[in-house]
Amino acid sequence: MKLPFIFARRFVAGENFEQAAPKVKDLNNRNLTVTLDLLGENVNDRELAANTVDEYISLLQKIREYDLNSTISIKLTMMGLDISKEFAKENLFRLLDVAAEENQFVRIDMEGSDYTQVTLDIFNEAFEKYGKNVGIVIQSYLHRSKKDIEDLCSIDADVRLCKGAYSEPSDVALQKMPDIREAFKEQAALLMRKTSYSRIATHDDELINWTKTFAEEQDIGKDHFEFQMLYGLRLGTCERLVADGYNVRTYVPYGTMWVPYFTRRLRERKENIWFILSTMFKR
Ligand code: FDA
């Protein structure tokens with residue numbers, strides 16, 4: 001049975017681009033940049049994966065037509081990574097050819113730990129060919145992430161740092177929030193010191209305040225990093241950060257395949273369940 005979209009609308013901007021576009025415009029009008037995510041993951045059918053790439057290409061064109069200040073975020077399993085690495089890479093490169101022509105930017109979201117190495121391998125090949133048109137995500141909870149960040153710093157890659165949203169075993173990932181926060185700070189410090197522009201993706205006040213203080217102490221200008229938050233969360237905080245001169249980007253997901261994304265948001269914070277219930281009864 002398919003859940004009705006009303007459940008997801010707090011976190012998902014619409015079931016198609018036309019529904020999402022006015023919400024992106026509204027965020028842009030508040031001086032927030034956006035990254036659009038056409039939702040979906042684990043596509044096992046070649047034709048569907050190829051169609052997805054066509055949809056991403058048309059998304060890049062629509063962003064330009066609608067004059068939106070937005071990049072895009074994609075998942076390699078939606079481009080057929082479960083079928084084969086080569087197939088997903090071909091699909092990604094087909095998208096990046098258009099992104100490069102349009103002077104656009106594509107970020108590869110990071111998925112569960114079974115995909116970490118292959119995602120980084122594909123990113124490294126893409127970075128060699130497309131440079132600053134492509135970026136990656138590192139999840140601070142993984143034990144391997146400090147080393148991955150060091151490698152990415154050495155090529156001045158464009159990295160979004162987040163805590164990590166998947167359920168991972170203790171031999172793969174830190175489990176306790178204080179430990180994850182410490183790892184996040186250590187990795188963010190490396191990124192902020194050693195890359196030209198870093199993306200700090202969190203709603204966590206402790207980490208937001210730490211980032212601001214660290215930047216001040218290290219004399220890292222506000223034009224060298226940005227905060228990123230998810231659509232539907234902490235808009236007031238985003239607006240305050242913008243008013244204080246920080247760059248802030250909102251991750252705006254849309255599409256019909258919203259259930260896995262929506263489930264991760266509910267698992268993350270019990271308060272999110274209350275958000276859903278309260279918005280369901282609001283008109
Ligand atoms: P978390 O949920 O851990 O909350 C910590 C504290 O922050 C709370 O106790 C509270 O004090 C405060 N807080 C959080 N939300 C709040 C709210 N709504 N209102 C008030 N206070 C709040 N993950 C992944 O695995 N791969 C990916 O590619 C991405 N991409 C991504 C992009 C962007 C832009 C974001 C923001 C996040 C991701 N994530 C992700 C998800 C990420 O890994 C993580 O699961 C969530 O951001 C939750 O962690 P936080 O640090 O945001 O706060």
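## Ligand contacts

In this predicted model, a nitrogen atom of the ligand sits 2.8 Å from a polar backbone atom of Met-110. Gly-164 also uses the backbone: one of its polar atoms there is 2.6 Å from a ligand oxygen. His-203 uses its side chain, with a polar atom 2.7 Å from an oxygen atom of the ligand. A polar contact here is a pair of N or O atoms within 3.5 Å.

The protein buries 84% of the 940 Å² that the ligand exposes when taken alone. Areas follow the Shrake-Rupley method with a 1.4 Å probe. The ligand is surrounded by 25 residues, each with a heavy atom within 4 Å. The closest are Lys-163, Gly-164, Thr-202, His-203 and Glu-268.

## Helix packing

H5 spans residues 145-154 and H6 spans residues 177-194. Helices are DSSP runs (H or I, at least four residues), numbered from the N terminus. The two pack at about 5°, axes 10 Å apart. Axes are lines fitted to C-alpha atoms over the stretch in contact, and angles run from 0 to 180 degrees between N-to-C directions. H5 and H6 are therefore roughly parallel, a label for angles under 35 degrees.

Ser-145, Lys-146, Ile-149, Glu-150 and Cys-153 of H5 meet Glu-186, Gln-187, Leu-190, Leu-191 and Lys-194 of H6. Contact means heavy atoms within 4.5 Å.

## Basis

Local features need pLDDT of at least 70, and side-chain atom pairs count only at pLDDT 80 or more, while totals for chains, interfaces and linings use all residues. Residues are numbered from 1 along each chain as its sequence is written, and side-chain values use heavy atoms, leaving out hydrogens and water.

Technical notes. Angles under 35 degrees count as roughly parallel, over 145 as roughly antiparallel, 65 to 115 as roughly perpendicular and the rest as oblique. A polar contact is a pair of N or O atoms within 3.5 Å; within protein, one must be able to donate a hydrogen and the other to accept it, and residues adjacent in sequence count only if both atoms are side-chain atoms.
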